[in-house]
Amino acid sequence: MKRNLPLMKNIFGNKFTKRNRFTRQCIGESVISLMKEKKYDDITISDIVKKAGVSRMTFYHYFPTKTDALNNYLYEVIEIYLEECSRSIGIDKFDDAQHIRHAFLFFDQYAEFFLTLARANLHALIINAINEYMIKIVGPIYPRSAYELYFYAGALFNTFLKWEEDGKKQSIDDIIRVVCQCCNIKAL
């Protein structure tokens with residue numbers, strides 16, 4: 001049975017439209033691009049709006065801070081992941097080898113984003129978003145303790161990040177076997 005996931009916008013009350021979604025994504029991508037050029041703390045709102053091609057008023061209409069812009073971009077990535085899961089593999093089970101593979105391959109498309117945040121020591125942004133996803137999206141469907149959900153999310157995130165940092169030298173199948181073994185999940 002293939003279930004549909006509630007979307008992040010429904011859970012977090014965001015008002016997404018195609019038009020403002022594009023603008024917000026441009027702002028988020030601009031912050032990431034600037035983070036490749038300078039330290040996060042040295043990036044100004046003026047730098048961001050210039051890079052994104054939007055006004056300061058537009059920036060502040062959507063975000064109070066540059067951290068909020070990054071958080072929003074991260075939630076957009078999670079939203080796209082949820083939409084993709086709903087269309088493809090479903091959510092009949094989230095902690096199996098097939099879903100681990102799917103997650104790693106999906107988030108690999110955004111590797112530069114995650115690596116850039118990690119290099120800037122902004123791991124907390126990622127882990128907070130992942131934890132919120134686990135509690136608000138996964139938890140109601142698969143009743144587990146918050147500790148189990150946090151453990152699983154943290155294990156996957158850290159393994160994914162290490163795999164990306166190492167240049168994906170090990171095959172995805174090797175990584176999935178390690179995760180499955182550590183989390184006592186039946187491998188493919």
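Among contacts (heavy atoms within 4.5 Å) in the protein between residues at least 6 apart in sequence, 70% join residues at least 24 apart. The model is predicted: local features need pLDDT of at least 70, side-chain atom pairs count only at pLDDT 80 or more, and totals for chains, interfaces and linings use all residues. Residues are numbered from 1 along each chain as its sequence is written, and side-chain values use heavy atoms, with hydrogens and water left out.

**Overall make-up**

- The protein has ten helices and zero strands. Helices (H or I, at least four residues) and strands (E, at least two) are DSSP runs, numbered from the N terminus.
- Along the sequence the pattern reads α-α-α-α-α-α-α-α-α-α.
- Of the 188 residues in the protein, 48% are buried. Buried means under 20% relative accessible area, exposed means over 50%, and partly exposed lies in between (1.4 Å probe, protein chains only).
- The accessible surface comes to about 10300 Å². Carbon and sulfur atoms hold 53% of that surface. Accessible areas come from the Shrake-Rupley method with a 1.4 Å probe; for residues, only the protein chains shown count as cover.

**Helix 7**

- Helix 7 spans residues 111-119. Seven of its nine residues are buried, so the helix is largely enclosed by the rest of the structure.
- The buried residues of helix 7 are Ala 111, Phe 113, Phe 114, Leu 115, Thr 116, Leu 117 and Ala 118.
- Their cover includes helix 2 (18-35), helix 5 (66-87), helix 6 (97-108), helix 8 (123-141) and helix 9 (146-165).
- Just after helix 7, Asn 121 takes a positive phi of about 55°.

- Arg 24 is located in helix 2. Its relative accessible area is 6%, so Arg 24 is buried.
- From C-alpha to C-alpha, Arg 24 and Leu 70 are 9.6 Å apart in space. In sequence they are 46 residues apart.
- A salt bridge joins the side chains of Arg 24 and Glu 76 (3.0 Å, N to O). Arg 24 lies in helix 2 and Glu 76 in helix 5, so this pair ties together parts that are 52 residues apart in sequence.
- Arg 24 and Glu 76 are both buried.
- A network of salt bridges links Arg 21, Arg 24, Glu 76 and Glu 83.

**Other salt bridges**

- The count is twelve salt bridges. The rule asks for a side-chain nitrogen of Lys or Arg within 4 Å of a carboxyl oxygen of Asp or Glu.
- Lys 51 and Glu 37 meet through their side chains in a salt bridge (3.1 Å, N to O). Lys 51 lies in helix 3 (residues 45-52) and Glu 37 in the loop between helix 2 and helix 3, so the pair ties together parts that are 14 residues apart in sequence.
- Lys 51 is partly exposed, at 41% relative accessible area. Glu 37 is exposed, at 53% relative accessibility.
- Asp 108 and Lys 168 also form a side-chain salt bridge (2.9 Å, N to O). Asp 108 lies in helix 6 and Lys 168 in the loop between helix 9 and helix 10 (172-182), so the pair ties together parts that are 60 residues apart in sequence.
- Asp 108 is partly exposed, with a relative accessible area of 22%. Lys 168 is partly exposed too, with 35%.

**Aromatic rings and charges over them**

- The count is 14 aromatic pairs. Rings of Phe, Tyr and Trp (its six-membered ring) pair if their centres lie within 6.5 Å; planes under 30 degrees apart count as stacked, over 60 as edge-to-face and the rest as tilted.
- The ring centres of Tyr 62 and Phe 63 are 6.2 Å apart and the planes stand at 50°, so the pair is tilted. Tyr 62 is partly exposed at 25% relative accessibility, while Phe 63 is buried at 3%.
- Phe 104 and Phe 160 make an edge-to-face pair, 5.5 Å centre to centre with 90° between the planes. Phe 104 lies in helix 6 and Phe 160 in helix 9, so the pair ties together parts that are 56 residues apart in sequence.
- Phe 104 is buried at 3% relative accessibility, and Phe 160 is buried at 6%.
- One aromatic cluster holds Tyr 73, Tyr 81, Phe 104, Phe 106, Phe 107, Tyr 110, Phe 113, Phe 114, Phe 160 and Trp 163.
- The charged end of Lys 168 sits over the ring of Trp 163, 5.8 Å from its centre. The charged end of Lys 66 sits over the ring of Tyr 40, 4.5 Å from its centre. The rule here is NZ of Lys or CZ of Arg within 6 Å of the ring centre and within 35 degrees of the ring normal.
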